[in-house]
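Here are some exercises to work through with the model open beside you. Try each task before you read its solution.

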Amino acid sequence: MSNSDKEALLVTGGAGFIGSNFIHYLLREHPDWRLVNLDKLTYAGNLESLAAVQHDPRYTFVHGDVADRELVDALFARYHFDLVAHLAAESHVDRSILDPAPFLETNVKGTQVLLEAARQYGVVKFLQVSTDEVYGSLGLADPPFTEESPLAPNSPYSASKAAADLLGRAYFVTFGVPVVTIRCGNNYGPYQHPEKFIPTVILNALEDKPVPVYGDGLNVRDWVHVEDHCRALDLALQKGQPGEVYNIGANNERTNLDTVKTILRLLGKPETLIKFVQDRPGHDRRYAINPAKLMAELGWQPQVSFDSGLAGTIEWYMAHRDWWERIISGEYLEYARRWYGGVVG
Ligand code: NAD
Ligand code: TYD
C-alpha cells in the first residue's frame, strides 16, 4: 500500500483511447492522485494523446508489457499501488479475427500477471475494465444485458475478455483480491483509433471516401460517450464493491446505418457515400445494456447525449487532423490491406 497520503494508481493501457481520456479525467478530478501509466505502445497506443500531461509531476509513463511479470512486480514493489485500473488490451474485433494470438497473450496472460501482483503486494481495488461483448449477441426483441446474463462471447476478442473477467472472479473468490469488474457498451469520443467504426465513418466522410458498412448495416450498438465511461470507472474505483460486476450503458441503441446517416447529415455529406461491404464473420447482431445496478448502487448517470456527443466528436476529429493523419499510415495501411484488401475508396 502507498505510504504517502496520496492515492497511487496504476493505469494500464493509458496511451489508448479510453485510457488516455481516463488519465486526463483523473488528473483533472483528483489533483492529489499519483498515476503510473504502463503501456506497451502497440499500434493502438499513442503518447501524443497524453502530450498535455507528460510533464505533470503527478504522472509517470512506463513503456512495457502487462504480461511481463518481472516488470509488473518491480512496479508494484516500487510504487505501492492502492488502486489498479486495468485497461490494457488488444481491443479490436476485426484484428482478433485476423490473428487471435496477441489477444490471449495480452488480455488473458496480462490480466493474470496483474492479478497475481495485486495478490502479492495487496491493493485496495483492482478494476477490471471489461466489455458488454462478453455476453454475446442479443436478438432484436431480447431485454438488454444485465450482470446476470450468461457469458457467451463470439469473437476471439470477447472470448479473451471473458477469460480475463473469470480470472478476476477467481482471484477474488480464492485469494480475496478486491476485483471490481465493469462492462461497458461501445465507446466513442476523442482519441479513438481510426480503425473503429465511428472514426472510420467520420474520417472517410471528411475525405469524401466511401464509408464501409458491414453486412446490411442493421447491427445494433449501444453507444456510451467516453467521458461517461470515465466517470463510471472513477466511481467504481472509489465505491465499487469487490467481487461485483457493473454494466454501463446510456440507452443509445442505434443501428450502424442510423449512426452513419446521422454523421453524414452532421457533416453535410451525401448518403451515396455509404458502401455496403462484406460482413464480419461471427458479427454480433445487437448489444444493449441495462445499467440499473450502476445507477442505483454507485449513483452513475450518463451526462452526454448521443447527438451532442457525436457532434463534439466530429468537431474534435476536424480540429485534430494531425493526430489521426499520422495514424492512418504505415501499420494501419497494412492492417487495412489484410482486412478488406486496402483502404476503401
Ligand atoms: P485501445 O486499443 O484504444 O487501447 C489499448 C491500449 O493498451 C493501447 O495503448 C495499447 O498500447 C495498450 N496495450 C496493448 N497491449 C498491451 C500490453 N501487452 N501491455 C501494455 N499495454 C498494452 O483500447 P480502448 O478502446 O481504449 O479500450 C480500453 C479497454 O476498455 C479495453 O480493455 C477494452 O476491452 C475495454 N472496452 C473498450 C470499449 C470500446 O468501445 N473501445 C468498450 C468497452 C470496454
Ligand atoms: P467496432 O467499432 O469495430 O466495435 P465492435 O465490433 O466492438 O462493436 O464496430 C462497431 C460496429 O460497426 C460493428 O457492428 C461493426 C460495424 N463496422 C462497420 O460497419 N464498418 C466498419 O468499418 C467498422 C470498423 C465497423
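**Exercise 1: the ligand site**

A nitrogen atom of ligand 1 sits 2.9 Å from an N or O atom in the side chain of T106. This is a predicted model, where local features need pLDDT of at least 70, side-chain atom pairs count only at pLDDT 80 or more, and totals for chains, interfaces and linings use all residues. Residues are numbered from 1 along each chain as its sequence is written, chains are lettered from A and ligands numbered from 1 in the order in which they are written, and side-chain values use heavy atoms, with hydrogens and water left out.

Solution. 
1. An oxygen atom of ligand 1 lies 2.6 Å from an N or O atom in the D39 side chain.
2. For D65, a polar side-chain atom is 2.8 Å from a nitrogen atom of ligand 1.
3. The protein covers 97% of the 840 Å² of accessible area (Shrake-Rupley, 1.4 Å probe) that ligand 1 has on its own.
4. Around ligand 1 there are 28 residues (a heavy atom within 4 Å), and I18, D39, S91, Y157 and K161 are the closest.

Notes
Polar contact = N/O pair within 3.5 Å; in protein donor to acceptor, adjacent residues only side chain to side chain.
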